[in-house]
Amino acid sequence: MRITAAIAGGIFGLLGAAGQAFFHVIPPPAYGICIACHMRDLVNWIAAHIYPIYGLKAGGALIIPGGPVSYNFPLLTIVGILIGAVIAASVNKEFKWKVMRVWWQRPWAEFFLGMLVMISALTFGGCPIRTALKAAYLDITAFIGLIMIAAGVFVGCQVLRKLT
Amino acid sequence: MDLLPAIASIFLGLIMGYLGQRARMCFIGGMRDYYLVKDTYLLKGLFAFLVCTLAGFILFQFVSPAIKTFPWFQDGGAVFAKKWAAMGVTASPSLLLPVPGDPITWSPKAGAHIILAVLGGFGLGFFSCIAGGCPFRQHIMAAEGSKSAIVYLVGFALGAIIFHRFVAPFIKAVLA
């Protein structure tokens, strides 16, 4: 069976809700699937254990910014996604080393774009996936965020038209 | 048990990675394709995600105690009130306070949260559109062997440390 984006999106949605309902991916709420937040939890957990970059609490415990669910052991969604996608790409023979041809998607530019995307995502409190998850959790600021993401993509598309 | 969320999330990630690679799933790409070429293939994925998540929350709230704060604008206020009582802050919860996750999470000022949502949301859409896909799509492309996406992930990981070390204290100082 061919997997379309609509089917994949529906399954992701159910997984996101089930992650909170049955697998204790809480607190904070609406945290079942998030790329930026789970990456942040993983990176901060590793960084704080190697070198206590954010300092110590009064009792001597490490300060690890992020979801309280990741304090003792971080969520590993990122690792799972990378392994799953490598399996899918190699089973279907789509794995190939490549570099984007346009200059703003060459590696050196993508490094800074990745940094800016992460900073904007954490300013708002979630990547596009968690924004949608929060909107489905009926959080009103997330609707504002979704509208602003659409506005940002609209401006980005105008810039892309100018660049190409 | 402490390890249940981590073990469950690695399996959630495996399923998402496999399906995302097969479907070319991208949440920013849906809006971008609609603006540029009026293609709705990926946009349907975004709407399916919203509808299924909402259906999932509505159904699972009867089964699981973990979703007791479900209509957040209605029931989330209790969480805020409890937290503020522990912090010694007196304020009344507003409908506009978000799910915890932004740098000034427990601040009682709804306006500051809206400013952060506007700034962060706009930057997220704009930079993701230029970078060629949402963070999820970049992970999939990195696994497909795109060197640009692998370098993107390095910047993405460093961005988290930069944010919590330098940007979050700045935001707290300005908006608090």
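In the predicted model, residues of helix α1(A) meet residues of helix α3(B). The residues contributed by α1(A) are A:A5, A:A6, A:A8, A:G9, A:G10, A:F12, A:G13, A:L14, A:G16, A:A17, A:A18 and A:A21. Their counterparts in α3(B) are B:Y41, B:L42, B:K44, B:G45, B:L46, B:A48, B:F49, B:C52, B:T53, B:G56, B:F57 and B:F60. By class, this contact comprises 16 nonpolar, 7 polar and 1 charged residues. Two packed helices are described by the angle between their axes and the distance between the axes. The axes of α1(A) and α3(B), the latter spanning residues 41-60 of chain B, come within 7 Å and cross at roughly 30°. Because angles under 35 degrees count as roughly parallel, α1(A) and α3(B) are roughly parallel to each other. The crossing of α1(A) past α3(B) is right-handed.

The crossing of α3(A) and α1(B) is right-handed. The contact between α3(A) and α1(B) consists of 16 nonpolar, 8 polar and 1 charged residues.

The contact between the chains as a whole takes 114 residues from chain A and 107 residues from chain B. On the side of chain A that touches chain B, the elements giving two or more residues are α1 (5-22), α2 (35-50), α3 (77-91), α4 (107-124), α5 (128-136) and α6 (140-163) of chain A. Among these, α1(A) gives the most, with 18 residues. The residues on this side of chain A divide into 83 nonpolar, 23 polar and 8 charged.

The largest nonpolar core has 98 residues. The residues with the most contacts inside this core are A:A36, A:M39, A:M118, A:I129 and A:A132. Helix α5 of chain B (residues 110-131) supplies the largest share of the core, 9 residues. When neighbours within four places in sequence are left aside, A:M118 is in contact with A:A36 of its own chain, and with B:F156, B:G159, B:A160 and B:F163 of chain B.

Chain B contains 7 helices and 0 strands, and its elements run α-α-α-α-α-α-α from the N terminus on. Taken along the principal axes, the C-alpha atoms of chain B fill a box of roughly 50 × 40 × 40 Å. Of the 176 residues of chain B, 50% count as buried. Among the contacts in chain B with a separation of 6 or more, 37% are accounted for by residues 24 or more positions apart.

Most residues other than glycine have a negative phi. A:A30 has a positive phi, near 55°, and is not a glycine. This residue lies in the loop between α1 and α2 of chain A. B:K38 is placed in the loop between α2 (27-37) and α3 of chain B. With 8 other C-beta atoms within 10 Å, B:K38 is exposed, the limit for that class being 12 or fewer.

Terms used:
Residues numbered from 1 in each chain as written. Chains lettered and ligands numbered in written order. Predicted model: local features only at pLDDT ≥ 70, side-chain atom pairs only at ≥ 80, totals over all residues. Contact = placed C-beta atoms within 7 Å. Helix = DSSP H or I, 4+ residues; strand = E, 2+ residues; numbered from the N terminus. Nonpolar A, V, L, I, M, F, W, Y, C, P; charged D, E, K, R; others polar. Axes fitted to C-alpha atoms, helices over the stretch in contact; angles between N-to-C directions. Parallel < 35°, antiparallel > 145°, perpendicular 65-115°, else oblique. Left-handed = near helix turned anticlockwise from the far one by under 90°. Core = buried A, V, L, I, M, F, W, Y, C linked by C-beta atoms within 7 Å. Buried ≥ 20, exposed ≤ 12 C-beta atoms within 10 Å, placed from the backbone.
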